[in-house]
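Please keep the sequence and the model in view while reading.

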Amino acid sequence: MRAPNAQPQPIGGLARRLAHILTTRGIDPTSTPQGGLEPVPALLAAESRIPARYRGATADHPAVAAWVREIAAAGRPGPGGAPGIAQGRSLLIAGTTGTGKTHQAYGAVRSLIGAGVRLRWKAVTAADLYADLRPRPGHDGERELRDLARCPLLIIDDLGAAKYSEWTEEITMRLMNRRYNEMLPTLVTTNLGMADLRAHIGDRVASRLTEMADKVILDGPDRRRTHAAGRRHPAAATA
């Protein structure tokens with residue numbers, strides 16, 4: 001099933017570049033990642049960590065699906081021959097509220113796991129990231145920051161939505177700089193355009209994010225409001 005926001009869109013330079021990479025590796029760039037919907041044990045185990053609303057999410061935007069294929073194809077063989085996630089490009093999914101950014105992010109995780117990739121991943125909203133790392137008695141924020149920095153795949157949802165301070169900028173810089181240096185895939189979603197995001201997270205972070213990540217823009221109406229309107233006026237929604 002397509003994501004509620006999905007509309008036919010031109011693939012653009014990102015997906016064309018990934019399609020070329022996949023073709024040279026003998027992978028059909030037009031095929032849909034099949035693993036995401038299979039009831040494989042690893043995917044079933046991951047469901048408990050995925051918010052209930054996104055447990056059926058699919059990475060069906062062409063550029064997101066192409067990114068999933070590239071990351072899966074680059075995985076290093078591990079025990080039993082299953083690929084493990086390796087170094088690779090990051091992905092920035094931008095768009096206004098309700099266009100399906102988080103849906104695509106969790107869809108990407110489900111597709112990777114369903115494709116047989118041995119995947120250690122974490123997902124956190126930017127607001128929760130700063131709340132979890134804020135210094136307080138009995139909590140080792142430095143250790144948690146190191147764990148996030150080393151995680152093979154990290155999702156940072158809603159970057160730019162949390163209140164800005166010099167401290168949040170420094171935390172974001174330290175986290176992103178470590179992942180930039182190690183070339184670890186990071187999947188970032190944001191409601192902000194690049195100019196506004198740069199103003200919010202600072203030039204140093206924005207510069208690294210621009211270099212390390214391919215950018216996907218989702219557009220269309222706010223699907224949450226569309227669904228709410230459909231529930232209030234079901235006849236009009238089906239007309």
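With which side chain does the side chain of Asp-157 make a polar contact?

## The surroundings of Asp-157

In this predicted model, the side chain of Asp-157 makes a polar contact with the side chain of Thr-189, at 2.3 Å. Asp-157 belongs to strand β5, which covers residues 153–157, and, leaving aside residues up to four places away in sequence, Asp-157 touches Thr-102, Val-124, Thr-125, Ala-126 and Thr-189.

Asp-157 is buried and yet has no salt bridge. The nearest side chain of opposite charge is that of Lys-101, which is 6.9 Å away, whereas a salt bridge would need a side-chain nitrogen of Lys or Arg within 4 Å of a carboxyl oxygen.

## The sheet

Strand β5 is part of an open sheet of 5 strands, whose order is β4-β5-β6-β3-β7 and whose pairing is parallel. The edge strands, each pairing on one side only, are β4 (121–125) and β7 (213–218), and the twist from one strand to the next averages 15 degrees.

Within this sheet, strand β3 (residues 90–95) and strand β6 (residues 186–190) pair in the parallel sense over 4 bridges, and Leu-91 stands opposite Leu-187 in β6.

## Helices across the sheet

Helix α3, formed by residues 62–73, lies across β3, β5, β6 and β7 and runs at about 165 degrees to β3. Helix α9, formed by residues 203–212, lies across β3, β6 and β7, and runs at about 90 degrees to β7.

Notes
Residues are numbered from 1 along each chain as its sequence is written. This is a predicted model: local features need pLDDT of at least 70, side-chain atom pairs count only at pLDDT 80 or more; totals for chains, interfaces and linings use all residues. Side-chain values use heavy atoms; hydrogens and water are left out. Helices (H or I, at least four residues) and strands (E, at least two) are DSSP runs, numbered from the N terminus. Buried means under 20% relative accessible area, exposed over 50%, partly exposed in between (1.4 Å probe, protein chains only). Lys and Arg count as positive and Asp and Glu as negative; His and the chain ends are not counted. A polar contact is a pair of N or O atoms within 3.5 Å; within protein, one must be able to donate a hydrogen and the other to accept it, and residues adjacent in sequence count only if both atoms are side-chain atoms. Contact means heavy atoms within 4.5 Å. Two strands pair if DSSP finds at least two bridges between them. Axes are lines fitted to C-alpha atoms, for helices over the stretch in contact, and angles run from 0 to 180 degrees between N-to-C directions.
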